[in-house]
Amino acid sequence: TYSPSLQPRNAVNTVELPGGKQVTLILSELGDHEPSILDNAAKLAQCDILLYTYDSSDANSFAYIVALREKYGHHLDDLPFLFVATKADRDRVRQDCEIQPEEYAAGLGVQKPLHVSVAWGSVSELFVQVAEVGLNPGSAYPKGEGEEEGDGDGLMAYWVAAGAVCVVAAAVVGIWRRMST
């Protein structure tokens, strides 16, 4: 029987990223402080990433995440996030929810839930992914309507090109002024 955590919990550890770089990862489970934190933009601003964790073997687990995002979405979409399906070593059940986790993530334009299990030892891979998203959060924000992953790269290329045109134009004007005096 599932019973939610009442007291907030914290865990701190170092994570080694590919290439050997080590970072400190601080995880906080909100416990019964969840509503007061999720409804407070200032408190959420202290977070680098949100992890929406559900039990992939419990049919009612993901519906709670959908309800949270509906209730507090006005603050939650301002932070990068990942969906994490725990107990992946057990039989995965269809979630008793209007939309399944993979479809929900696709609709938001973020990656599908990460399936992890302590029994598989895949939790360390999860910690690496969380640290990487914390350092490079761009891929973990919900995408706007019609926006696809990688669209920001095209926009960045546009701004770089526009900046280069401005620099060239300024150089031409400068050279023209020198030559005309």
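This is a predicted model: local features need pLDDT of at least 70, side-chain atom pairs count only at pLDDT 80 or more; totals for chains, interfaces and linings use all residues.

Tutor: Here is a walk from the whole chain to the sheet, its rings and a few single residues.

The mean pLDDT of the chain is 80. Of its residues, 77% reach 70 or more. One stretch needs caution: over residues 149–174, pLDDT stays under 50. For that stretch the model has 4 contacts beyond four places in sequence.

Now the layout. The chain holds 6 helices and 5 strands. Read from the N terminus, the order of elements is β-β-α-α-β-α-β-α-β-α-α. The chain has 181 residues, and 30% of them count as buried. The exposed surface comes to about 12100 Å². Carbon and sulfur atoms supply 55% of that area. Now take the contacts with a separation of 6 or more: 69% of them join residues 24 or more positions apart.

Next, the sheet you asked about. Three strands make an open sheet, in the order β3-β4-β5, and their pairing is parallel. The edge strands are β3 (50–55) and β5 (114–115). Each of these edge strands pairs on one side only. Look at the β4 and β5 side. These strands run parallel and are joined by 2 bridges. Val84 has its bridge partner in β5, and that partner is Leu114. What holds such strands together in general? Strands of a sheet pair through backbone hydrogen bonds, either parallel or antiparallel.

Now the rings. The structure has 7 aromatic pairs. One of them joins Phe83 and Tyr104: the ring centres are 5.8 Å apart and the planes meet at 70 degrees, so this pair is edge-to-face. The cut-off behind that label is a plane angle over 60 degrees. The pair links distant parts of the chain. Phe83 belongs to strand β4 (residues 81–86), while Tyr104 belongs to helix α4 (residues 101–108). Is the pair buried or exposed? Both Phe83 and Tyr104 are buried.

Widen the view. Ring pairs tie Tyr52, Tyr54, Phe62, Phe81, Phe83 and Tyr104 into a cluster. The charged end of Arg69 sits over the Phe81 ring, 4.6 Å from the ring centre.

Phe81 leads on to Pro142. Pro142 touches Phe81, along with Asp77, Leu108 and Val110, leaving out residues up to four places away in sequence. Pro142 is placed in the loop between α5 (123–135) and α6 (151–180). Its relative accessibility is 22%, so Pro142 counts as partly exposed. Pro142 and Pro80 are 62 residues apart in sequence, yet their C-alpha atoms are 7.7 Å apart in space.

Gln100 is in contact with Phe62, Arg94 and Gln95, with neighbours within four places in sequence left aside. Gln100 lies in the loop between β4 and α4. Its relative accessible area is 9%, so Gln100 is buried. The cut-off for that is under 20%.

The loop between β4 and α4 also holds Lys87. Its backbone is worth a look. Phi of Lys87 is near 55 degrees, a positive value in a residue other than glycine. Lys87 has a relative accessibility of 35%, so it counts as partly exposed.

Finally, the other pair of strands. Strand β1 (residues 9–16) and strand β2 (residues 22–29) pair in the antiparallel sense over 8 bridges. Their hairpin has 5 residues between the strands. Within the hairpin, Gly19 takes a positive phi near 95 degrees.

Now focus on Gln22, in strand β2. Opposite Gln22 stands Glu16. Contacts of Gln22 are with Thr14, Val15 and Glu16, again leaving aside neighbours within four places in sequence. Gln22 has a relative accessibility of 52%, so it counts as exposed. Last, Gln22 and Ala131 are 109 residues apart in sequence and 9.6 Å apart in space, C-alpha to C-alpha.

Technical notes. Residues are numbered from 1 along each chain as its sequence is written. Side-chain values use heavy atoms; hydrogens and water are left out. Two strands pair if DSSP finds at least two bridges between them. Helices (H or I, at least four residues) and strands (E, at least two) are DSSP runs, numbered from the N terminus. Rings of Phe, Tyr and Trp (its six-membered ring) pair if their centres lie within 6.5 Å; planes under 30 degrees apart count as stacked, over 60 as edge-to-face and the rest as tilted. Buried means under 20% relative accessible area, exposed over 50%, partly exposed in between (1.4 Å probe, protein chains only). A charge sits over a ring if NZ of Lys or CZ of Arg is within 6 Å of the ring centre and within 35 degrees of the ring normal. Contact means heavy atoms within 4.5 Å. pLDDT is the predictor's confidence in each residue, from 0 to 100. Accessible areas come from the Shrake-Rupley method with a 1.4 Å probe; for residues, only the protein chains shown count as cover.
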